[in-house]
Amino acid sequence: MSAPLRDGTTYREAVAAALADGWSFAGLHATRSGDVPAVRTLLVSRSGDVCLESVEAGNGSVPTIVDLAPAAGWDEREARDLYGIAFDGHEPLRPLVDHDVPLEHFATSVRGRDAYQVAVGPIHAGVIESGHFRFHVVGDRILHVDARLFHKHRGIERACEGLPLAYGVRTLARACAGCWVTNAVAYAHACEQLLGQQPTPEVARARTILLELERVWNTLNDIGAMCAGVGLAAGNNRFLALTDEARSLNALLTGHRFLFGSVAVGGSDLGLDVHATAAARETLTRIRRGSSRAWRELLFNGSFMDRMSDIGVVDAETARSLGVVGPAARAAGLLEDVRETSPLLAYEGFETAALRRQVGDVQARLEQRALELLPCLDILDRLLSGPVRPAANEHGGPESPIGVGRVESPRGATACVVERDGDRIARLRLRTGSYANWPAVASAAADNLLPDFPLINKSFELCYACVDR
Amino acid sequence: MLTLLRDLRKLRGATALSAPDRGRSLALRHVDCGSCNGCEHELTLASGPTVDMARFGLGIVASPRHADVLLVTGPVTTRMREALLIAYAAMPEPRRVAALGDCALGVDVLGSDDQIVGPVESVLPVDLRIPGCPPTPDAIAAALLALVDATTTARR
């Protein structure tokens, strides 16, 4: 893939034309093209094609596209904070990653009678990642939330620059334990596009197994977290035990409970003999039985389900405009799943799971997760029907200066763009499903009660780690 | 609900959990200083039904003011340093600091130098080191129990 530099006007026209054509925004990052600073926008079509529109930022500024694609809001703020690019027309361009500015610049100003602020974090009361929330409330009702994340910013993208392509996966994927495999596979796909490699069906199968193993434990964990969110200890503990079982299976198959180190650029090292795959299928059957039984209990528990409906609503229109992805988008009726358009992975015949009640509230997001667990276990059962052997990619395709990988994480579409400098990384951008969805959490919370926020937040169950990087 | 409770009781039977014979306890406060969330996931499971460290008197508390031990994860980002110091200052004495996971120990840290302060011991005095990437729930509970034992022995 290449991306010729456009000037500001034609860049905006190109993005607007693509969006009008049904393409959607999938990421934006600041970079350099030769000696010239530049900004690239990643667009994706409904059939999964990707395209980069690049604009030169020679004088340090480019036109904004946030009016065309509100989903670009965080990306533009990040590009300003980390790379000093100004976005003409993005008003106010509030800081996002930069913590060295006073909070007033960051938080939305709210004035009026009885409005006050509730500050939460960065340290939270449970075992939760660090991040700051500023609630503007009247009584118990939330007017607006500003999420000030990036307390965990480790500069992982910068740390990858200059690394050989094959080594980048180790640094990049460790951005997040919950999405390790997704991030690693997205990176591997991007690098393989750079190098003109094509994953063989055996490599695709191994990676798909790993991706779905990651989805299993995440989904169980997320359902448990919702129980914790309303203080239903029995449900939380049951799903915690199932999560533990799934992670123990990961360790049995790959030597690591979070599957660290199981994905590489250029092929797959995963080797599972018939005993290992048989044991895995047996464990997964047990997990299926246990989770279905526990889910039924939750479903018929009135005091639990009564807390879920009609709060934290993100309807289809809001979801599309904010660029929501993953189970949260599907729960609102946007039936998009990268697994439907992933020729590099073994998802033949995959169909996006659709709820009957697609209203985008907390209940829909919970039910969407439970609904998606079963096809995920089916895929694993199919792919683990025989031994898995290490395999290498096919070589010899055309090489390219920029590579893009897109993979469905447990929280939605994750995109990784890698720009090369010879056989090293020149610039890399990781935009995870969590990054795409954070603005929706704030939108979902507005007009709800403050005590419902933990539950609304948990219904998205987004990572802070792979957003902050 | 009864089904859930019955399943949990069966699970406890299978994992043979029993409470220790003498009373002791530690109140723990967790502070994430830039982890990948792996240590948090495993720490949550250490309080889950299979390891259930609460039966040894090891519980997570909501505030550093109630805590005996500060459990710190992550390589300590520049942005979390101040929050970590404030949490530590809020703790009553005697207090202990545990560095949880390889990043907190400064081992194999991935990131840019200008965004990372350094291992927990470069910010606070560390009493307990729990290695692993991430340490398993069993390892976390075992290390914390060793800290209780050491403290109890020292007091005798």
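This is a predicted model: local features need pLDDT of at least 70, side-chain atom pairs count only at pLDDT 80 or more; totals for chains, interfaces and linings use all residues.
Leaving aside residues up to four places away in sequence, A:Trp180 touches A:Ala173, A:Phe258, A:Leu259 and A:Phe260. A:Trp180 also belongs to the largest nonpolar core, a set of 186 residues. Along with A:Tyr187, B:Val72 and B:Leu100, A:Trp180 is listed among the residues with the most contacts inside that core. Which helix gives the largest share of this core? That is helix 7 of chain A, residues 201-229, with 14 residues.

Now go back to A:Ala173, one of the partners of A:Trp180. A:Ala173 lies in helix 5 of chain A, which spans residues 165-173, and is buried there together with A:Leu165, A:Gly168, A:Val169 and A:Leu172. What do they pack against? Their neighbours in chain A are helix 4 (156-160), helix 6 (180-195), strand 13 (412-421) and strand 14 (424-431).

Let's turn to chain B, which has 4 helices and 5 strands. Read from the N terminus, its elements follow the order α-β-α-β-β-α-β-β-α. Chain B is as compact as a globular protein of its length, because its radius of gyration of 16 Å is close to the 15 Å that the globule rule gives for 156 residues. Along the principal axes, the C-alpha atoms of chain B fill a box of roughly 50 × 35 × 25 Å. Of the 156 residues in chain B, 44% are buried. Finally, take the contacts in chain B with a separation of 6 or more: 82% of them are between residues 24 or more positions apart.

How values were computed. Residues are numbered from 1 along each chain as its sequence is written. Chains are lettered from A and ligands numbered from 1 in the order in which they are written. Helices (H or I, at least four residues) and strands (E, at least two) are DSSP runs, numbered from the N terminus. The radius of gyration is taken over C-alpha atoms; the globule rule is 2.2 Å times the number of residues to the power 0.38. A residue is buried if 20 or more other C-beta atoms lie within 10 Å of its own, exposed if 12 or fewer, and partly exposed in between; C-beta atoms are placed from the backbone. Two residues are in contact if their C-beta atoms, placed from the backbone, lie within 7 Å. A nonpolar core is a set of buried Ala, Val, Leu, Ile, Met, Phe, Trp, Tyr and Cys residues joined through C-beta atoms within 7 Å.
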